[in-house]
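Hello,

Here is the structure I promised to hand over. Please look through it first; my notes follow below.

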Amino acid sequence: MGFHSCAKGEEDMISLPSKDFFDTRIEEFVISSEKVAHVQIGNSAEHALLVLTKTGYAAIPVLDSKYRFQGLINAQMITDSILGMNHIEYERLPEIRVQDIMNKEIPVIHIEERFQKALDLVINQNFLCVVDDEGMFRGILTRRVILKHLKKLIYQLRNS
Ligand code: 2BA
């Protein structure tokens with residue numbers, strides 16, 4: 001794993017991460033599902049708001065009762081669902097289900113994928129939800145973890 005130099009003429013013009021870097025398996029960088037705050041599709045919006053507030057995360061995964069990934073929820077989706085004409089209708093929070101307000105159009109990444117794919121996806125997502133062949137939720141891959149790995153490689157390059 002590491003970087004290699006692309007020589008142009010006499011000089012080294014740019015250095016790029018080597019193929020090995022892009023080929024690194026994402027699995028070892030995944031924050032495993034048991035450490036990830038989540039809610040279930042049948043939970044109320046009130047419960048989801050509590051989990052988001054207590055954990056401090058901006059968005060969290062939504063799973064079904066068999067631990068399969070279903071979507072994402074954030075506080076904005078919840079407040080949007082209780083926005084009345086003149087005020088926010090907090091009293092409706094217990095009756096709204098997560099499955100009716102979550103975002104289902106989220107790209108997921110397979111546990112056996114490589115860094116190349118993760119880098120492409122994480123440009124537009126704060127974190128990636130990781131699934132296996134059965135669609136089971138295996139955890140998340142965060143921007144923080146990916147950037148830390150990139151930083152390590154860049155420092156190695158500077159010092160080599
Ligand atoms: P955000 O909640 O918007 O968090 C943005 C960044 O702020 C995080 O980046 C992390 O560096 C920091 N941060 C926020 N809340 C934190 C906390 N309670 N403890 C420690 N650091 C915290 P990333 O680590 O790259 O995470 C990206 C996104 O992944 C987070 O966005 C959140 O939506 C989700 N996430 C991360 N860890 C999670 C977990 N254990 N459970 C559920 N969702 C998680």
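Predicted model: local features only at pLDDT ≥ 70, side-chain atom pairs only at ≥ 80, totals over all residues.

How many aromatic pairs does the structure hold? The structure holds 2. Rings of Phe, Tyr and Trp (its six-membered ring) pair if their centres lie within 6.5 Å; planes under 30 degrees apart count as stacked, over 60 as edge-to-face and the rest as tilted. F29 lies in the loop between helix 1 (19-23) and strand 3 (31-32), and F115 in helix 5 (residues 115-122), so the pair ties together parts 86 residues apart in sequence. Helices (H or I, at least four residues) and strands (E, at least two) are DSSP runs, numbered from the N terminus.

Residues are numbered from 1 along each chain as its sequence is written, and side-chain values use heavy atoms, with hydrogens and water left out.

Now the ligand. There are 14 residues around the ligand (a heavy atom within 4 Å). A37, A58, A59, F127 and R144 come nearest. A polar backbone atom of A37 is 2.9 Å from a ligand nitrogen. Ligand oxygen atoms lie 2.8 Å from a backbone N or O atom of A59 and 2.9 Å from one of R144.

Best wishes

Key. Polar contact = N/O pair within 3.5 Å; in protein donor to acceptor, adjacent residues only side chain to side chain.
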